Amino acid sequence: MSSPESVKVHYIIRGGAAGRDRLKVLARIMRPAALELFQRAGLQPGMACLDVGCGSGDISFDLAQLAGPGGRAVGMDMDAIKVDLARGEASERKVSNVEFRACNICETDPEPEFDLVHARFLLTHLKDPLQALRKFREALQPGGIVVISDIDSRGYFSYPECPALHRYAELYTLVALRRGCDPNIGPRLPALLTEAGFENVQLNVVQPAETVSEFKIILPLTMESIGDAVVAEGLASQSEVDRLVVELSDFANTPGTLFSMPRVVEAWGYRPQD
Ligand SMILES: C[S@@+](CC[C@H](N)C(=O)[O-])C[C@H]1O[C@@H](n2cnc3c(N)ncnc32)[C@H](O)[C@@H]1O
């Protein structure tokens, strides 16, 4: 089993407070799709929900709101800084039915205390996503819902063509593969859910694309955030990383340009009644 330190070293995106700010932008881009997904999968008021790899906690707050006063949400992340910031936000916003736990999913032995387990953009970072899905199954009551969204990095596009975007996607893919993760895990999700013992597995594909600079800025932010891992793996020099960040920022800040997110596969299923 991996230690928390080895999992952190293996994780390719810079964490902490800067990582949380990037995830806040990501959460705003993905929110409409996430809310639709929860309705489709069957989230009901009164449910106990777990958000694994919760990052900024934005989805955990949405789950808490949708679960209502009779339900609750737990956000779990291995990054103690992000978890502390999310806890602070919960007390500032006086949200009493959300709780945040600093914890590595690979190190947990979950009890079946939840009606819904959600993970977005987490499995792509894990060496053994099937093991994580089996843990999600253990965390669910019989009949409970698992909801997963994850990326297929082959799907990026822009208008007009942006060479820096192609290089970013190439570096992201290479560094993820070097660290033993799957940057194109999205299409594998239905098969993985079935293998982990979920039934009635369903899927949907979404791909947000943005013309608003405030959202397009996610790409230079992500390039910057993977810079340490890219350089450590010898895939690019720091000066190339810096240049790509500038080129992506310039593109994002140019009116009329468009950046897409990666293709995102959403898959959901149900723990069989024992
Ligand atoms: C790409 S971010 C996605 C955050 C959030 N789910 C979202 O969609 O905005 C992945 C998050 O998973 C966390 N993470 C990565 N590996 C983890 C693990 N083994 N256990 C718990 N959290 C993990 C990271 O710290 C990071 O906050």
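Helix α2 gives the most to the lining of the largest cavity, with four residues. This is a predicted model, where local features need pLDDT of at least 70, side-chain atom pairs count only at pLDDT 80 or more, and totals for chains, interfaces and linings use all residues. Residues are numbered from 1 along each chain as its sequence is written, and side-chain values use heavy atoms, without hydrogens and water.

**Cavities**

A cavity is a set of points, on a 1 Å grid over the protein atoms alone, where a 1.4 Å probe fits but cannot get out; lining residues have an atom within 4 Å of a point. Grid points are joined across faces, edges and corners, and a volume is the space filled by probe spheres set on the points. Four cavities of 30 Å³ or more are counted. The largest has a volume of about 640 Å³. Its lining has 40 residues, with Y11, L23, R120, F121 and H125 nearest the centre.

Elements that each supply at least two lining residues include α2 (16-41), β4 (114-120) and α6 (163-178). Helices (H or I, at least four residues) and strands (E, at least two) are DSSP runs, numbered from the N terminus.

| Class (definition) | Lining residues of the largest cavity |
|---|---|
| Nonpolar (Ala, Val, Leu, Ile, Met, Phe, Trp, Tyr, Cys, Pro) | 24 residues |
| Polar (the others, Gly among them) | ten residues |

**Sheet**

Three strands form an open antiparallel sheet, ordered β6-β9-β8. β6 (158-159) and β8 (209-210) are at the edges with a single partner strand each, so one side of each has no neighbour in the sheet. Strands pair if DSSP finds at least two bridges between them. β8 and β9 (residues 258-260) pair over two bridges. E210 stands opposite F259 in β9.

Methods. 1 Å grid on protein atoms, 1.4 Å probe; cavity = no way out; pocket = protein on both sides within 12 Å on 5 of 7 lines; lining within 4 Å.
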